[in-house]
Amino acid sequence: MPSQPPGSSQGSKPHSAKTSFHRSQTLGYKNGFAFSRLPTVGIGGERLYVNQLSQAELDELSNTRPTLTYGQARQAPPSGFIPAHVAFDKKILKFDAYFQEDVPLSTEEHYRIRQVGIYYYLEDDSICVIEPVVKNSGIPQGKLIRRHRVPKNDRGEHYHWKDLNRGMDITMYGRTYHIVDCDPFTQAFLESQGIELNQPEKMVFDPYTEMRRMPLRMYITPSDFDQLKQFLTYDKQVLRFYAMWDDTNSMFGENRPYIIHYYLADDTVEVREVHKHNDGRDPFPVLIRRQRLPKTFVEKQKTFPSCVLEISDQEVLEWYTAKDFAVGKSTTLLGRNFFIYDCDEFTRNFYRDKFGITDFQPVEIKEKPPEEVPQVIPPYNGYGFLEDSLQNCFSLFPKPPRKDIIKMLENDHKVLRYQVALESPNPEDRKRRFILSYFLSNDMISIYEPPVRNSGIIGGKYLGKTRVAKPGSTTDNAIYYGPSDFTIGSTIEVFGHRFVITDADEYVLNYMESNAERFPAATLQSLRDHFRPRQVVEETAKSDVPALGTSQQELDELIVRVQEELKLHNYLNNSSIREALLRCDKDGSGVLDKAKFLSLCNSLSVPTNAVLVNKLIDLCSCGEDKINYPSEAATDN
C-alpha cells in the first residue's frame with residue numbers, strides 16, 4: 001500500500017462536497033509519439049504525493065547505484081551515440097517575419113511590407129526564407145533564399161538557432177528581416193535549451209494591400225451650378241486683357257507683351273504671345289494653351305510629383321475665375337507674374353454689367369531703356385593687318401577696310417628708299433646692310449637685304465610689305481612709321497629689331513623738297529646735311545677733275561677728295577680692301593685686270609660708280625684693261 005500523507009487516515013471517506021470522481025489521464029501524445037506518465041492527482045482531483053520524489057531522493061538516485069547481496073552492481077553501458085542528422089531529422093524551427101521594401105516610382109505607396117517565413121533546419125543548421133505566394137501580386141514570390149548555411153559576418157561565421165529570437169532584426173544578404181513570432185514547437189525547443197524568448201509581436205500588414213481591400217466609395221453631392229446653361233449663355237464670349245510679363249530680373253530677361261483670353265463658356269484661360277516685326281523670336285502663337293488654371297492648391301506632401309501629373313479637382317482648392325482679373329493688378333499664372341494694363345471694350349462692358357466695376361483707366365507702360373554695353377575690343381594677336389582684323393569685331397561678315405583711292409592713284413609707284421644697318425650686339429650682324437622701301441601709296445614698308453658673296457648670310461626679302469607701328473603704340477591708338485620719322489642716323493624698331501638709317505636715295509630729298517609743307521623741317525634739314533658734301537664733291541669733280549698726265553700735286557688733291565667721298569661710307573674696311581687686292585695679285589706685280597678690279601670693288605661694296613672714283617680709276621689705269629692698284633691702295637690708306 002502506498003504511504004499516506006501525514007494527517008490523513010487510511011480509511012477516510014470522500015468529502016461530502018466532492019463532486020468529481022473520475023481518474024486522471026496517464027496516457028498522452030507529444031510531437032506525434034504516444035507515451036505514459038504517472039498520475040499526479042487521485043480520484044476526484046486530490047493531489048498525490050506518493051509518486052513524486054524529493055530533490056534529495058532525485059540526487060541520490062542519479063548519483064548512486066543499488067547494492068546487491070553479492071557486491072557492487074555493474075556499471076550500465078553508456079547510451080549509444082546518435083548523430084545530429086538522426087536526432088534532429090525533420091525538426092524545423094519556424095519564425096514569422098517581414099521586411100520593408102522601398103517603392104520609389106509610385107504615388108500611391110512609398111514602401112511595401114512583405115511577410116515571409118524563416119525556416120531553420122536543426123539537422124544541418126541551414127536556413128530557408130519563403131514568402132507566401134499572393135495571386136496576381138505582380139511580384140516574384142516564393143523561395144527568396146534557398147536552403148543553405150547563411151553567413152553571419154565576414155569572419156566566416158554562420159547563423160545559429162541561438163541567434164534567433166522574437167522581436168529582433170536579422171540581416172541576410174543586405175535585407176533586414178524583423179522576427180515577430182514563432183510556432184509552438186520552436187518555442188518549446190528554445191525554452192528547453194534555456195533561451196529566454198521575447199514577447200511575441202503583431203504581424204505588420206502592407207498598407208497598400210489593406211487599402212485595396214477596402215471598397216473605394218466616394219459620395220459627391222451634385223452641384224447646383226448648371227454647366228450647360230453657362231455654355232449656352234456665354235458661348236463665343238471671351239474677355240481680352242493686355243498684360244506684360246516682366247522677366248528682367250533673370251539673365252537675358254525682358255519685358256514682353258502678352259494677351260490673356262478668358263473664355264466665359266467654360267472658365268478656361270489662354271495666354272498668347274504678341275510678336276513684332278524683326279523681334280528675333282520664333283513665331284510661336286501660344287504661351288499657355290487653353291485650360292483651367294489653378295489659383296490655390298490643397299496642402300500636399302512635398303514628395304507629390306505635381307509637375308508630371310495632370311491637376312484634378314482633388315489637388316486644387318480654387319480655380320481662376322473672371323473676378324480674379326482686373327486692370328492695374330498683377331496675376332500669377334503658372335509661376336509667371338503678368339501685369340494687366342488694359343482690356344478691350346467688350347471686357348469693360350462685361351465687368352460693368354456683371355460686377356459693377358467702372359474704373360478701367362489703362363496703365364501706361366514705360367519700357368526701360370536698354371543698358372548700353374560698352375564694346376570691348378580684344379587685343380591684337382599680330383596676325384594680318386590691324387584694320388583688317390578689327391573688322392571681325394564689328395560684324396559676323398567682315399568687310400575689307402576702306403582704302404584711300406585718290407592717295408593710291410597720286411602716289412602710285414612712288415617709293416622712298418633708305419639704306420639701314422642692323423643694330424645688334426653680334427659683330428657679324430652689324431656689317432649687314434638693308435634697303436628699306438617706303439611705299440607712299442599705302443604707307444607700307446618692306447626691307448630687302450642685298451646678297452653679299454661669301455658672307456655666309458642668305459640675302460633677299462627680309463620683311464614683306466606691311467605697316468610698322470611705333471614702339472609704345474596701342475591697338476586703340478596705333479601710330480605707324482612715316483617719312484617724317486626717317487632721318488639720317490635715327491633708329492627705327494621693326495618687330496623687335498632695331499635699324500639705323502645710314503643713307504637715302506636722292507629721290508627722297510627731291511620728293512621732300514617738292515612737298516616741304518607735308519614734312520617737318522628737321523627731317524628735311526637732316527637729308528640736306530647728309531647730301532650737301534656729296535653734292536659739293538660732285539660739282540667740284542665735274543669742273544676741276546684733272547686729265548691724264550696731270551701733275552703729282554693735282555693727283556694728290558684728287559686723292560684727298562676721293563678719301564672724303566669714301567669717308568661717307570663708314571662700313572668700308574681699308575685693311576680688308578688691301579688684303580683682297582693682294583690676294584688677287586698672285587704674281588705681286590701690282591697690276592690687275594680692270595674687270596677683275598671692278599668686280600672686287602663690287603664685292604667689297606666700294607662705290608665704283610661715283611664720279612671721283614671713276615676718274616681716279618682712269619688715272620691709275622695702265623692701258624685699256626690694266627690698273628696699277630698700289631696707288632689705289634695708297635688712297636685707301
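Biologist: Why is Leu 228 called exposed?

Modeller: In this predicted model, Leu 228 has 55% relative accessibility, so the residue counts as exposed, a word kept for over 50% relative accessible area, while buried means under 20% and partly exposed lies in between (1.4 Å probe, protein chains only). Leu 228 is found in helix H5 (residues 227-234), where a helix is a DSSP run of H or I with at least four residues and a strand a run of E with at least two, numbered from the N terminus.

Biologist: Which strands are the edge strands of the open sheet?

Modeller: The open sheet has six strands in the order S14-S13-S12-S11-S18-S17, with antiparallel pairing. Its edge strands are S14 (286-291) and S17 (330-333), since each pairs on one side only, and two strands pair if DSSP finds at least two bridges between them.

Biologist: What joins strand S12 to strand S13?

Modeller: Six bridges join S12 (residues 255-263) to S13 (residues 268-273), and because pairing asks for at least two bridges, these antiparallel strands count as paired. His 261 stands opposite Glu 270 in S13.

Biologist: How much of the chain is buried?

Modeller: Buried residues make up 28% of the 637 residues in the chain, which holds 16 helices and 26 strands.

Biologist: What should I keep in mind about these values?

Modeller: Residues are numbered from 1 along each chain as its sequence is written, and side-chain values use heavy atoms, leaving out hydrogens and water. Because the model is predicted, local features need pLDDT of at least 70 and side-chain atom pairs count only at pLDDT 80 or more, whereas totals for chains, interfaces and linings use all residues.
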